[in-house]
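I wrote down each thing as I checked it.

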Amino acid sequence: MQIDVKIGRIGSEIDTNVIIGLFKGDQLEETDSMVMESALRRYLHGMLKLGDFKGDEQEVAVLYPCGQAPPGRVILLGLGPRNDFCLETARRASGIAVKRALKLGVSELSTAVHGLDVPDFELQECTQATVEGLLLGEYRYDCHKSAGPERTRLENLTVVIQQRAQANEVRDGIETARITAAGTALARDLSNAPGNALPPRKLASAARKMAADSDLKCRVLTRKDIEKERMGALVAVNAGSEEPPRFIVLEYGEPSEDRDTLVFVGKGITFDSGGISIKSSGGMEEMKHDMSGAAAVIGAMQSIAMLKPPLHVVGLVPATENLPDGKALKPGDIITALSGKTIEVINTDAEGRLVLADALGYAERFSPAAVIDLATLTGACVVALGHAASGMMGNDEPLQERVRKAGETTGERVWPLPIWKDYHDQIKSHIADVKNTGGRWGGALTAGAFLEKFIERPWVHLDIAGTAYTESSKSYCPKGATGVGVRLLVQLVRDWKP
Ligand code: BES
Ligand code: MN
Ligand code: ZN
């Protein structure tokens, strides 16, 4: 897609299709500073006086101002109360606009930057959010439709600003949005891919291809390597599957004295049937998304490679299916993770924490300043927070605060959950070092407590079970994978101070 910056006023004849966001109560008086041509402003001012368009969030109207040559459309968006504006407002508005535009068959759009005159928000971030909403809202997963894609794609986008002095910040915002949207689209593609299209081998080749195209290092451990590394938990979860496991290592930059190392770990269960502790069949198809943590890590690594921050970043993905079979892991089995700790398996459906135990152990060898894992880990987390936030646990307050902030900025919200000693007590085993479930209550927290036993460095765990995919289309995300985590990780990296 071509994205241009135009300095001028929106509504001059070259903008055939323009997106304009209005706050609740905006009247577009002559005195209001607007990036808008005066004839168009007058027209909208008159229209607003009728009171039909309120400027409520999610409100949208398509107008056809007369006298414009050639005739064009104005897609008017409500941004809600000015005081409530945040970057997510801009993303959502853009997502709604692009959906409407594509339905109309429009492939060329001009847009104002939403929120640009709101105090406390910078032009760069408002531009980034506005463009992210458009790019992410345009995303579709239609590669399995035999008739091929049947819809309009956005081909040309013009961001209209008033002053030349704003151009650099706006270009920077556009560029960043392109990078985060591409990483997110990759993550969505991987997560949306059905289990038969993307077993661990294919997930690894997708990572490898991305790495080759992005100038990242990539190492893929096969079953033999995994056994040699003594990743007993990954091997055990894989035992019921005909598809061999993979352990993916992506690396950006090099370790050095003056650069921190960050390690991102993503749960890569390409399909989770539950194993011998088999799940009920209702909704089981959604468990193709059980590698959304892996998808987020791979997508974020692509974005990071493009952004080139002064850091050393490692992405780790333990990948396997979780299936029942004659050789499958059984309840009661005791396995040994990479760290040497023994685990009594109570429920084979609590497989994510098992493969993460090995990956967190592996992360230690990089002596990272921070380890962040992302995993569709527990249904209990969805019970606790619904789809509005990912659950955050960890062993380091300052790191959690950084992650929280990154979540706030990107609209990928996280909410803190505790890992108290009580939860550790729930997962004591009488026969091994730890057991893999802690009973019915506090399921997200006992999972967090379990993971904490396998990592010594500063660490944050994000349970994305409720945020990784959506059952219905959202403003800038169609039904299916959301790509959650990519933008949060990228923001964390961009804000990172040693
Ligand atoms: N992948 C699931 C968790 C999940 C549930 C993700 C719903 C997305 C939506 C995970 O492997 C799992 O099965 N967890 C069990 C743990 C239990 C057996 C302790 C769960 O949450 O029921
Ligand atoms: Mn499971
Ligand atoms: Zn799972």
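I am working with a predicted model.

**Entry: polar contacts of ligand 1**
I checked D349 next. An N or O atom of the D349 side chain is 2.7 Å from an oxygen atom of ligand 1. E351 also places a polar side-chain atom 2.9 Å from an oxygen atom of ligand 1. T376 uses its backbone instead: an N or O atom there lies 3.3 Å from a nitrogen atom of ligand 1. I then looked up the areas. Ligand 1 taken alone exposes 510 Å², and the protein buries 78% of that.

**Entry: the pocket**
I asked which pocket ligand 1 takes up. Ligand 1 takes the space of the second largest pocket.

**Entry: the manganese ion**
Which residues coordinate the manganese ion (ligand 2)? I noted D272 (OD), D349 (O), D349 (OD) and E351 (OE), at 2.0 to 2.2 Å. Along the chain, these donors follow the spacing D-x76-D-x1-E. The 6 donor atoms subtend 70 to 168°, so the arrangement is irregular.

I looked for the zinc ion (ligand 3) and found it 3.1 Å from the manganese ion (ligand 2). D272 coordinates both ions.

Conventions
Residues are numbered from 1 along each chain as its sequence is written. Chains are lettered from A and ligands numbered from 1 in the order in which they are written. This is a predicted model: local features need pLDDT of at least 70, side-chain atom pairs count only at pLDDT 80 or more; totals for chains, interfaces and linings use all residues. Side-chain values use heavy atoms; hydrogens and water are left out. A polar contact is a pair of N or O atoms within 3.5 Å; within protein, one must be able to donate a hydrogen and the other to accept it, and residues adjacent in sequence count only if both atoms are side-chain atoms. Accessible areas come from the Shrake-Rupley method with a 1.4 Å probe; for residues, only the protein chains shown count as cover. On a 1 Å grid over the protein atoms alone, a cavity is a set of points where a 1.4 Å probe fits but cannot get out, and a pocket is an open set with protein on both sides within 12 Å along at least five of seven lines; lining residues have an atom within 4 Å of a point. A molecule sits in a cavity or pocket if more than half of its atoms lie within 2 Å of its grid points. Donors are N, O and S atoms within 2.8 Å of the metal (3.2 Å for Na, K and Ca); water is not among the atoms, so sites may look incomplete. Four donors count as tetrahedral if all angles lie between 85 and 135 degrees; four count as square planar and six as octahedral if opposite donors are over 155 degrees apart and all others between 65 and 115; anything else is irregular.
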